[in-house]
Amino acid sequence: MNAVYINSASCISVQDTLNENFFQHLQPENSTQIIKAIEPNYKEFIPPAMIRRMSKTVKMSSVASHNALQEAGVKQPDAIIVGTGMGCSQDSEKFLKNVIDNHEEFLTPTFFIQSTHNTVAGQIALGLQCHAYNFTYVNTSSSLEFSLLDAQLQITDGEAENILVGSTDEQTDRTMELYCLNNTIKKEADLPADHLHSTTNGVIWGEGASFFVVGKDKTKSTYARLKDIQVINKLELNETQDFITAFLTKNKLSTHNIDAVILGFSGEAASDVYYTNVMNLFPDSSLLYYKHLSGEFNTASGFSIFMACHILKSQQVPEVMMINRTEKKEIKNILLYNHLSGSDHSLVLLERA
């Protein structure tokens with residue numbers, strides 16, 4: 001089987017991740033219900049006439065994908081694969097509002113056309129004039145993992161050499177109101193949130209876009225080797241450790257071979273028990289967490305993969321991510337474990353290239 005490398009990584013998030021020195025300026029956020037992405041000056045990347053017609057998720061993805069391709073030195077990818085949980089929900093809300101306001105008559109199709117989940121992948125392809133394989137995965141919190149799995153299969157089968165893979169999700173006013181009503185988002189009374197030792201339910205909601213160029217060859221810009229991915233929809237709490245050890249055994253590794261584990265602690269007491277349950281599997285590993293930096297959302301794992309890539313390349317771990325004080329001289333293998341409210345459990349194994 002061919003090796004698969006992550007040759008570039010670009011991220012727009014609630015942190016200033018487009019800044020080269022973002023590692024030194026990571027700011028946790030635990031006292032706001034909803035945190036918004038730090039957006040770049042889009043006029044530097046997108047013609048002003050086009051910006052007006054783009055939703056936030058399309059704009060974020062256009063910039064992140066442009067940076068990822070530029071860093072990898074790839075002008076035309078062999079495929080574009082995007083994962084999203086909510087898609088272009090801003091335009092969906094605008095379309096539904098038009099339906100109600102106009103009593104289902106005299107509707108313009110623009111918002112409907114732009115509201116489909118595959119708009120992001122389509123807009124990136126239009127901008128590049130790329131006529132290659134174009135696919136969008138909508139698998140809630142494992143959308144990016146399925147996108148990476150697709151890319152990995154195409155590269156190992158020799159069908160592609162360089163693939164643009166990304167994830168994106170945006171916030172919308174009405175959806176956030178509904179999430180507050182059904183207690184998906186933490187109540188103000190439960191703030192500030194304690195991501196590691198929470199006794200309340202609900203999360204702090206974020207947003208962002210993360211894009212990577214995955215290729216068959218190691219290059220000067222390579223961050224990591226993508227070793228393996230596994231996803232399971234439902235998992236009982238007492239099955240979690242077996243799920244992880246079986247995954248590592250399949251990759252001829254033990255828990256002692258894992259230098260760092262990145263866990264998706266979100267501050268939701270009911271589902272964070274999965275992460276707490278697996279921590280004692282890794283007595284020799286650096287235990288890290290990240291959703292106090294990114295917020296929780298469907299494709300928050302994109303932020304964790306982006307951070308893991310930078311940790312492997314720089315061989316440095318930001319102190320703000322540390323759960324324990326175990327520090328490794330060399331970081332070779334990183335395991336990422338994520339789920340959303342106890343569903344769609346995913347494991348991603350990255351190796352230093």
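The legends below describe close-up views of a predicted model. Local features need pLDDT of at least 70 and side-chain atom pairs count only at pLDDT 80 or more, while totals for chains, interfaces and linings use all residues. Residues are numbered from 1 along each chain as its sequence is written, and side-chain values use heavy atoms, with hydrogens and water left out.

**View 1. Lysine 56 and glutamate 207 form a salt bridge, with 2.5 Å from N to O.** A salt bridge is a side-chain nitrogen of Lys or Arg within 4 Å of a carboxyl oxygen of Asp or Glu. The partners are 151 residues apart, lysine 56 in helix α2 (residues 56–72) and glutamate 207 in the loop between α7 (173–181) and β5 (208–215). Helices (H or I, at least four residues) and strands (E, at least two) are DSSP runs, numbered from the N terminus. Lysine 56 is buried at 11% relative accessible area, and glutamate 207 is buried at 0%. Buried means under 20% relative accessible area, exposed over 50%, and partly exposed in between (1.4 Å probe, protein chains only). Glu39 joins Lys56 and Glu207 in a network of salt bridges.

**View 2. A salt bridge joins glutamate 351 and arginine 225, with 4.0 Å from N to O.** Glutamate 351 lies in strand β10 (residues 343–352) and arginine 225 in strand β6 (residues 224–232), 126 residues apart. Glutamate 351 is buried, at 15%, whereas arginine 225 is partly exposed, at 24%.

**View 3. Proline 283 sits in the loop between α9 (269–279) and β8 (286–289).** Proline 283 is exposed, with a relative accessible area of 53%. Its C-alpha is 8.5 Å from that of threonine 255, 28 residues away in sequence.
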